[in-house]
Amino acid sequence: MTIWNGIHPMNTTIFPAGSPEFLTVDGLQIRISRSEGDGLPILITAPWPQSIYAFHAIWPALTALGPVVAVDLPGFGRSDRRAELMAPEPMGGFVTRLAAALGIERCHAIGPDVGTSAMLFAAATRPSLFESLVIGSGGADMELVGKGLRGVIEAREGEYGEPEGGAQVVGTITRLTRQTPPAEAMEDFRLSSQGRRWIEAADYVRAYPRDLPRLKSLLPAIRTPVLVISGKDDPIVPPENGAFLVRHLPRSLHTVLDAGHFVWEDDAAGYMHAISAWLGGGYRQA
């Protein structure tokens with residue numbers, strides 16, 4: 001198998017035997033995948049409309065950095081949904097309870113896409129949980145989100161989404177990724193959004209107009225070191241969102257990679273290079 005810069009193209013099974021698995025948290029079945037290792041745990045949450053299988057290209061390199069727990073947050077991927085959690089602020093609270101259920105007292109956390117706002121709310125309410133954060137590709141200010149995402153956020157009930165969300169999501173991912181993910185991952189993305197799951201998951205971003213102004217007011221008090229990674233050509237969450245976060249976060253760094261929205265796949269090597277340097281000690285300089 002070809003390897004470049006520590007990134008393995010995943011042509012075979014993405015996760016090892018016995019993984020993923022489900023963990024009950026707050027009465028919900030939450031899908032996770034774990035790896036063994038030494039050092040501080042790394043908690044990584046899946047982007048939408050994908051799942052933990054979005055990390056197919058970075059998983060070997062990521063797990064070499066320490067013990068990793070990848071998570072489908074409630075309502076995303078294959079995890080159970082609860083309506084009151086489908087917004088950034090309550091999802092941030094869930095992240096802290098999830099960490100407790102996993103026995104994690106302190107960790108590095110990686111939250112691309114919808115994980116961006118959830119991780120920041122979690123850091124604002126429980127800073128002792130996080131050694132550092134890696135976020136990005138998630139909406140930070142309503143004035144800065146892309147046209148397509150704004151359309152989902154502002155659409156009236158029943159005016160967005162298709163009856164079969166899985167097919168819609170497969171088409172969207174195929175159109176927007178520079179390299180089509182492997183078949184195993186694409187099938188998981190389809191199953192993660194089948195039926196009305198895509199429409200129901202959109203409730204999270206439809207809460208942005210309410211929760212993002214609240215988050216902005218909290219950012220200056222977050223002392224956790226934060227690395228923001230953006231895709232230069234992201235049409236959904238343009239890199240201006242990352243620049244906005246860095247202007248308001250006191251200990252932060254913004255890295256812009258030559259990628260679209262799915263930066264963890266479009267430039268897997270660059271994404272992992274930035275994360276490795278950050279977790280390897282770069283966060284202490286922020």
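Ala, Val, Leu, Ile, Met, Phe, Trp, Tyr, Cys and Pro are counted here as nonpolar, Asp, Glu, Lys and Arg as charged, and the others, Gly among them, as polar. By that scheme, the lining of the second largest cavity has four nonpolar, six polar and no charged residues.

The model is predicted: local features need pLDDT of at least 70, side-chain atom pairs count only at pLDDT 80 or more, and totals for chains, interfaces and linings use all residues. Numbering runs from 1 along each chain as its sequence is written, and side-chain values use heavy atoms, with hydrogens and water left out.

The search used a 1 Å grid over the protein atoms alone. A cavity is a set of points where a 1.4 Å probe fits but cannot get out. A pocket is an open set with protein on both sides within 12 Å along at least five of seven lines. Lining residues have an atom within 4 Å of a point. Points are joined across faces, edges and corners, and a volume is the space filled by probe spheres set on them. Across the whole structure, two cavities of 30 Å³ or more turn up.

| Space | Volume | Top contributor to lining |
|---|---|---|
| Largest cavity | about 40 Å³ | α7 (residues 197-201), three residues |
| Second largest cavity | about 30 Å³ | α10 (240-248), three residues |
| Largest pocket | about 400 Å³ | α5 (165-176), four residues |

Helices (H or I, at least four residues) and strands (E, at least two) are DSSP runs, numbered from the N terminus.

The largest cavity has W48, P49, Q50, G75, F76, G77, S192, S193, R197, W198 and A201 around it. Five of these are nonpolar, five polar and one charged.

G136, S137, G138, V228, S230, V237, P238, N241, G242 and L245 line the second largest cavity. Both β7 (226-231) and α10 give at least two residues to that lining.

In the largest pocket, 22 residues form the lining. G148, V152, T172, W198 and I236 lie nearest its centre. Helices α4 (147-154) and α5 each supply at least two lining residues. The classes split into 13 nonpolar, seven polar and two charged.

**Helix α2**

Just after α2, G103 takes a positive phi of about 75°.
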